[in-house]
Amino acid sequence: MITRKSRAEIEVMRRAGRLVAEVLAMCEEAIRPGVSTATLDSLAERHIRSHGGVPSFKGYHGFPASICVSIDNEVVHGIPGRRTIREGQVVSIDAGAIIDGWHGDAARTYIVGDAPREVRDLVEATRRALAAGVAASVAGNRIWDISAAVEDVALPRGYGVVRPYVGHGIGQAMHEEPQVPNYRTKSRGIELAPGICLAIEPMFTLGSGDVETRPDGWTVVTRDGSIAAHFEDTLAVTEDGPVVLTA
Ligand code: MG
């Protein structure tokens with residue numbers, strides 16, 4: 001079932017989304033060589049809880065932390081811990097928060113210091129793919145239009161598109177219908193209408209899009225070891241166009 005959210009509900013989602021955006025900004029500031037991923041996680045958890053939120057990832061299907069920290073060839077769902085960040089790494093942070101029962105979900109990829117041109121281009125293209133997906137999220141379009149806009153950034157550059165993980169509806173649950181693939185599918189999907197809220201989240205790689213899950217049961221890595229990037233925002237489709245709630 002696809003639910004359309006009222007203006008008042010979207011306003012609560014905007015509060016949750018703002019909290020997530022603050023967490024990501026804090027993580028960006030804190031990421032530097034030598035900092036542990038557990039430190040980022042505790043910063044995030046403290047910020048969410050001290051602002052009346054609940055970290056939605058913590059305990060989700062048993063996930064042990066408030067953010068996901070995925071480094072280099074890790075795509076998503078990396079578990080924070082004692083590992084420390086090093087110069088030149090590509091660090092993706094995914095964060096989620098609930099306020100008054102409503103969710104926000106967003107992710108960013110950061111480069112620690114300097115990285116080769118091709119890595120910087122990958123990160124920038126993934127960011128642009130998210131922006132293209134957001135721009136396509138207008139009433140009257142279909143889910144397919146978002147998927148095509150995202151995929152069109154990856155295809156000419158030869159990036160791998162990670163297919164098993166897709167964007168999603170979001171609201172009183174973190175993952176609602178519909179799914180929002182980062183690639184064209186046979187189905188054109190539902191028509192977008194005001195009140196539909198989505199999390200769009202392109203994941204591109206420098207190699208193939210094939211992924212596998214590490215024995216920890218969570219960390220999704222590229223099968224060929226290539227570097228990956230991941231950007232995500234939560235948005236509302238409105239009469240006035242897409243409104244990003246995690247800005
Ligand atoms: Mg998500």
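Which residues line the second largest pocket? The views below answer this for a predicted model, in which local features need pLDDT of at least 70, side-chain atom pairs count only at pLDDT 80 or more, and totals for chains, interfaces and linings use all residues. Residues are numbered from 1 along each chain as its sequence is written, and side-chain values use heavy atoms, with hydrogens and water left out.

**View 1. The second largest pocket.** Its lining consists of Lys5, Arg7, Ile10, Glu11, Arg14, Pro194, Gly195, Val237, Thr238, Glu239, Asp240 and Val243. A pocket is an open set of points on a 1 Å grid over the protein atoms alone where a 1.4 Å probe fits, with protein on both sides within 12 Å along at least five of seven lines; lining residues have an atom within 4 Å of a point. Helix H1 (7-30) and strand E14 (233-238) each supply at least two lining residues, and H1 gives the most, with 4. Helices (H or I, at least four residues) and strands (E, at least two) are DSSP runs, numbered from the N terminus.

**View 2. The largest pocket.** The largest pocket is lined by 21 residues, of which Tyr60, His77, Tyr165, His175 and Glu201 are the closest to its centre.

**View 3. The magnesium site.** Asp105 (OD), His168 (NE2), Glu201 (OE) and Glu232 (OE) coordinate the magnesium ion at 2.1 to 2.4 Å; donors are N, O and S atoms within 2.8 Å of the metal (3.2 Å for Na, K and Ca), and water is not among the atoms, so sites may look incomplete. Asp105 in strand E5 (residues 102-111) and Glu201 in the loop between strands E9 (197-200) and E10 (203-205) lie 96 residues apart.
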